Structure formats: C-alpha cells, structure tokens
Amino acid sequence: MKRFLAAMCVVGSFLHAVSKCTVQESEFHLDGDYLIGGLFDIHQVNVPLYQERPESIDCSSKLFLVPNYRRFLLMRFTVEEINNSTSLLPNVTLGYEMFDHCSDTLSFAGVFKLISVNDLLRPWDEPYQNLSKIFAVVGPFTSTHTLTIAPLFMVDLIPMVSYGSSVSIFSEKSKYPSFLRTVHPNDNTLSVIVNIIKHFKWRWVAFLNSDTDFGIDGLELFRKRIISTEICLAYNKGFNENTDFSQMFQHIDEQNISIIVVFAPKVYAEAVIEAAIRLNFTNKVWIADDGWSLNKRLPKLKGIKNIGTVLGAAQPVITLPGFNDFVYSARSLTPCADAAQQTFCNQVCNCSQLLAADIVAVDPSFTFAVYSAVYAVAHALHNTLKCDTGRCDESTVVHPYVVLEELRKSNFTLLNQSVQFDEDGNPDFGSFSIVFWNQSGEAQEVGFHHYPTEYFYINNSLIQWHANGDVPTALCSPECEEGHAKKQIGIQKCCFSCKICPAETYVNITENPYKCNACKETEWSVMGSTSCSLRLVEFVPLTDAGAIVVFVGAWIFIGITLAVSVLFAVNYNTPVVRSAGGMMCFLILVCLGLCTLSVFFYFGRPTTFSCILRYIPFLLFYTVCLACFVVRSFQIVCIFKIAAKFPKLQTWWAQYHGQWLLITGAFTTQAVLLIISMSCHPPRPFNETSWYQDQIVLSCDLNIEATSCSLVLLVLLCCLCFIFSYMGKDLPKNYNEAKVITFCLLLLILTWILFSTVYLLYRGKFIQTLNALAVLSSLYSFLLWYFLPKCYIIVFQPHKNTQQFFQGLIQNYTKTISQ
C-alpha cells in the first residue's frame, strides 16, 4: 500500500510539472516611470457592424492580422531595448499601454483610457492640472483610424507618432498640430510609382484604389502627379468588399490597359490579386504601394505567375538585431487562461496557436517605421528630462506639449539612419526600395528611390517580364514618327492621330508635341521637320561681278554724256544740233546723267536711304526726258503736218513757249506725286522669303499702289511720245528725229517687257542686277540711238551739217507732198 501511494505521488508530481503554465502580465501593458500609448489593429473589422446601442467591440473575435501583430511585438521589443540602454533614459524606465484598435468607430474605449486621468475624462478641467500618465502615443496604423481619433489627442497637444497613416491631410499642422509620422506620406509613395511608370515609358494606366481615406487620397495625388507628364489615367475604380471584380477587369481589358496601379491596404489588395487569379485576368503589370509590395503570401499563390509582372514601391527591409530572439522568447511562454487578460478593455490577442516562425516570416513592412517612432518618443522624453548629463531629472514635469517640441526637433542616428522630421511632421529620412516579385515568390529589390535627394534607379536586367522577356508597352496610340504632330482624339491626351508638319513649320515634342510651330522669318524647314534651319541671306554685294559691270557701264554712260554735251556745245549753232532740240538737248543729257544715280544703289545691303535713291532719281528725271521727247516729236509733226492745218495752234505754242510749259508741268506733277507717295509709303528694305525656302533675298519694297500715279504718268508720256513720233515716220531722211525717237521707244518698251517677264519667273538676288541693267538700257537707248548718230554727222559728215542741205531735204519733201 505504501509503495502504491509513493508511486501515485511521483505520477502526480510529474503531471503537475507537465501541466504547469506561466501566469504572465498582459502583452498590452508594461509598468514604467513614463508610459507610451500604443494603438495597433491586431484584428480588423472587415465588414460593417451595426449595433443598436454603443458598446465596446470584442476585437479578438475579428480577423487576425499577423503582420500587424508583428508590429505590436516590435513596439514591445523596442521599449525593452530602450530600457536596457545605458545612454538613452539612463535612470528612467519606459512602460506602455497598448490597445487593439480594430475599428475606426467602435474602439474608443482604449483611446479614452489613454487620455483619461485616474480613469476619468475631464474635458473641462484647467489644462495641465491633472496629467495622464501617457505623454505620447505611437500609432494607429491606418489613416481612417487616425482621422477618427486624432482630434481627441490634438486638443491637449498630446504627440501622436504614426507608423502607417500616410494620407496628405495630416501634413496640415493647423488641423493636426501634434501629429508626426515615421512613414512617408502618400505623395512620396506616388512619386515613386509615377517614376516607375515614367522609367518604362508607360502612358496608358489604370488606377485601382480602395474606397477608403487612404485610397481616395492616393487617387487625388496621382491625378495631380501626372498632370505635367505624358501619363494618362485611362481607368480608375474605387473598390471595396462588394465590388464586382469581373466587371472591373472587363472594363480594363476593353480599354486595352496593361499597367494597373493598386493603391490599397493589404487586405483590399489581396482581394484584387486573388480575384485576378480566380478570373484568369492575365498578362498585366501590377504596381503595388508600400502596404502590400512585400506581401509574403500572395507571391506564393498558385497561378500568381499568370496575372503578369508585379512591381512595387516598398519600405526597405531593415533587420533589427535581437528582434527574432525576442519573438521566440515571447511565444515560448504558455499563458494560463487567466482573467487578467480581460482586464484591459477586452484586449485579448487570441493568438495562442500562432507560432514564432510564422511571425518572423511575415511581411516586414513598416518595421523601421514602428522602431523609429518609439525611439523618437524616447529621445524626446530624454531631452525633456535633460538626460544628457548621464542622469535624468525625474523632478521635471513632463508636459505633452514639451515632448512635442522636442519631437519636432528630433535629430538622432538609428541603425545608420538620421531620424529627423520636416516642418509638417513628415519623415525627413529614409528611402523606398523598388521590388519585383520574382519566380521564387520573393520580393526582389531591383532599384531604389532615396529621400530627400530624389535619386531614382532601376536595374532593368533584374526584372523578368511576362511578355517574352520584353518590357511591355502601354500606349493608347503609337508614338508619331519624327516630324509629325499629335492631334488629340477625345479627352485623353494619350489618344491621338498623327499629322505631318508642313514646310516652314516644325514640331518640338519636348515643348508641345501637339503643335506645328511656324519657323521664324529668318529660318526655313522642309515638310516633317523637328527644327528650323537658318536661311541664307542673299544680296548682291558691291564687289559682285555684275555690280562692277553695271558700275562701269554707268560711268561710261556718264562719260559719253559729257562728251556729247561738249560736242553739242561747240556746234550749238549748226543745223544738226538745232534740229535735235537745241537747248533742250542739254536738258535731256543732264537728266539722263542724273538718272544714272539710281543704278549705284541697287547693290549692297539695302537700307531705307538706298531704297529711296534706287527709285527717285530715275522716276523723276526720266519723266523730264520723256517730256522732252514728247515735245520734240510734237514739234516735228507740228512743223511738217499740223502747222498748215492749224496755224493758230502753232502760233499759241510759239507765243507761250508750250514746250517748256509741258516739260515744267510734267516735272512738277511727278515731283508732287513722288513726295506724296514717299511720305505715305516710302520704299524700305524687304526680306523676300516666299520664293525660296532656304534663302532670304534682301531687296527693296516699292509700294505699287502708292507709286501707281507716278508710273501712270511715265506710261502716259511714253504713249504720247510714241504717237507723235509715229505720225512723223515719213519725214525727210536726215531730218527725221521722229523715226529715231520711235525706235528708242520701242527699245525702251522691249527692255521693260523682258525685265517684267524675268521678274515674274525669278526673284533671286540677281534680279537687282537685272533691274539696274534695265535702267541702264533705258538710258543707253536714247543716248546711243538719238544723240550718237547726230554726233557722227557732226564729226564725220560735216557736209550734211549745213543750212543748204537741210533746206534741200525740206523742199524735196514739200514737192513730194504737193504731188
């Protein structure tokens, strides 16, 4: 009997030892000199809850999120590490009061606990008379949770350091003065995503966002980010748990979209990817935000390779020394089913079956964000308590607003990272990794984006694309060929047709690919150009061979004119000189000489002065010449034909010196017309650009409308001269100036007809030389054919330069007429 009892004692002792459990303090609470609040959504309410009355929610019955529990343990680890430090808060211990904040509307019990004083809320007390033991709060994770509870902490300027709330509104310090965060705001994340899209020259993308504050803010920021880029938002959809993914994917396929940005929390993103696998939605490029790019479960799902290629912007994976050991140590304890677990507002983990290995292997996103958030609070407390002397001043009253000021001034090094905050409370440190889900089901780093330097890099060779190894394209319309401008189709700038830019225009795709820009007047281009070339400036210089020929011809003309004038002066009283016009010959010769002034101004770079002198001398003095020849031809006809029939006309003509009246009238009229036309529209330098693409021909612009009256006067005098001279074509042979004048006029008309014909067909620089030659030819026609034959008679046939000879010709002509 004694042996049996002894055996039973041994067995009982063994069973007691086997069944021994550890009664531990709650994971959610740790005593300390100063307490940090912690809000972690270890569980998540994934469907809306409707209650008839307000009551605290039992988070432990909801969806358990292992990555969030990992962050929860990470805060515990960080506090323990700080307490073991000899340099940070040397004689002070930190404690924490953490809560499972699983709902944005039903988890206020924990929040009230954090801001209460002695378990009482006294919102109307004088500020800072009774202080809560909580001087700062780390968390919560989601933006929606933060938006709900942040005002409760902002009232008393209790610092909130969030490790996951990234919506842009938290940067507005007027609304959230005591809010800081160690996670980059959405704008930075989207900057990385847009850079990825731009790097691969994708233009036609879809943006799928969760129908939450996080997703809606991301969509708005994405729209702003792509305004100044060539990226088009082809399709966007805010989705939730009730979204018809089949219809959403169908719309994406209908618009031929191959690039899909999914900007959503982890649970929402998982739903999209799983739906894509289930619905066989294949061959796309998926771009993930930092909330799910390091997901450990999705890359290993069956069929994940069929959906295409997954890229993402991720928080860098930073290994914390000792953290894994802490996790194994924490999970090795077997807690008893003790009521103590229920004493903290239902804060129960309900995770007894969770293995340490599962926690270690889970998505490591936001690891450094939690770690640096706790350390930032600790450093702020360290500075508030003036611990730099090696011992903290525990007599200092720790006001939250003082800790807040120290938080804003944070500047310490943590795992080789310099932790600082900008003026908006955003992290002024850190970087993003560009990751690719490789064939092994791992998120492989293929690039990075550093802040605040904005240095961006992707190693393309590390990415294995689903489209036969080539980078997929994402265009609504293929790019236009060189020299073609885009013409937008519809409201999307990425959808366009292409039109070739005509000559004299070009397209600059970096400035405005939708417009053909006109070249400057000094430039030219062919059809389909991307730039303009400088035109070659053309004019006839003074040293040109043609110009020299004209100059020589002009000086020869002047020399001959002077010689004829001297010869006529010496033989002024001879019949030949007097029959040629007498004193009027010298007027004609002087005017012909003055006309030559014009030809010297047809060469060189045109100026306003040279343009005026190019036309004025010729038009004015040639008018006098033609008027003189009109008078001469009229007098000849009058003497031989009109005098007998109209004797009074000859008497009046002789009495009032009709010839000088006509010449003076013509000169005065032309002078007045030229003064009026030159005052209104003077000739000015003109760049001829319409005839030759690659040239600018410098010339003078003569306003035809303004000078039309002057030209009409010249034509009228020419016609009168031709009529009178033609009437005298049968006069005595050696006395017949009329025939000579008619011939000179024919040469004059032929010269200008030839020049006009050439001018209609050619507008190059040598048209100026031809114009000068036409003027010179007009002068030579009268000098050579009117004056030189008379000089020949004076010099070589003096017997014909007698009064008897001329009278004999007149008598023979009179007999011929009488018969």
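A disulfide is a pair of cysteine sulfur atoms within 2.5 Å. In this predicted model, Cys232 and Cys494 form such a pair, with an S to S distance of 2.1 Å.

**Disulfides**

- The S-S torsion of Cys232 and Cys494 is about 100 degrees, so this disulfide is right-handed. The bond connects strand E10 (residues 232-239) with strand E20 (residues 492-500), across 262 residues.
- Cys232 is buried at 2% relative accessibility, and Cys494 is buried at 6%.
- Cys480 and Cys498 are joined with their sulfur atoms 1.9 Å apart. Their torsion of about -90 degrees makes the disulfide left-handed; Cys480 lies in the loop between strands E18 and E19, and Cys498 in strand E20.
- Cys480 counts as buried at 18% relative accessibility, because the cut-off for buried is under 20%, whereas Cys498, at 39%, is partly exposed.
- Cys628 takes part in no disulfide, and the nearest cysteine sulfur, that of Cys591, is 6.2 Å away.
- Cys59 and Cys102 are bonded at an S to S distance of 2.0 Å, and both are buried.

**Strand E2**

- All seven residues of E2 (residues 34-40) are buried, and both faces of the strand are covered.
- E2 runs parallel to strand E5 (residues 94-100), joined by seven bridges, with Gly37 opposite Glu97.
- E2 also pairs in the parallel sense with strand E6 (residues 134-138) over four bridges, where Gly38 is partnered by Val138.

**Helix H15**

- The 13 residues of H15 (residues 583-595) should span 18 Å, which agrees with the 19 Å between its end C-alpha atoms.
- Buried residues of H15 include Phe586, Leu589 and Cys591.

Conventions: Residues numbered from 1 in each chain as written. Predicted model: local features only at pLDDT ≥ 70, side-chain atom pairs only at ≥ 80, totals over all residues. Heavy atoms only, no water. Buried < 20%, exposed > 50% of the residue type's maximum accessible area, 1.4 Å probe, protein only. Helix = DSSP H or I, 4+ residues; strand = E, 2+ residues; numbered from the N terminus. Pairing = 2+ DSSP bridges. Expected span 1.5 Å × (residues − 1).
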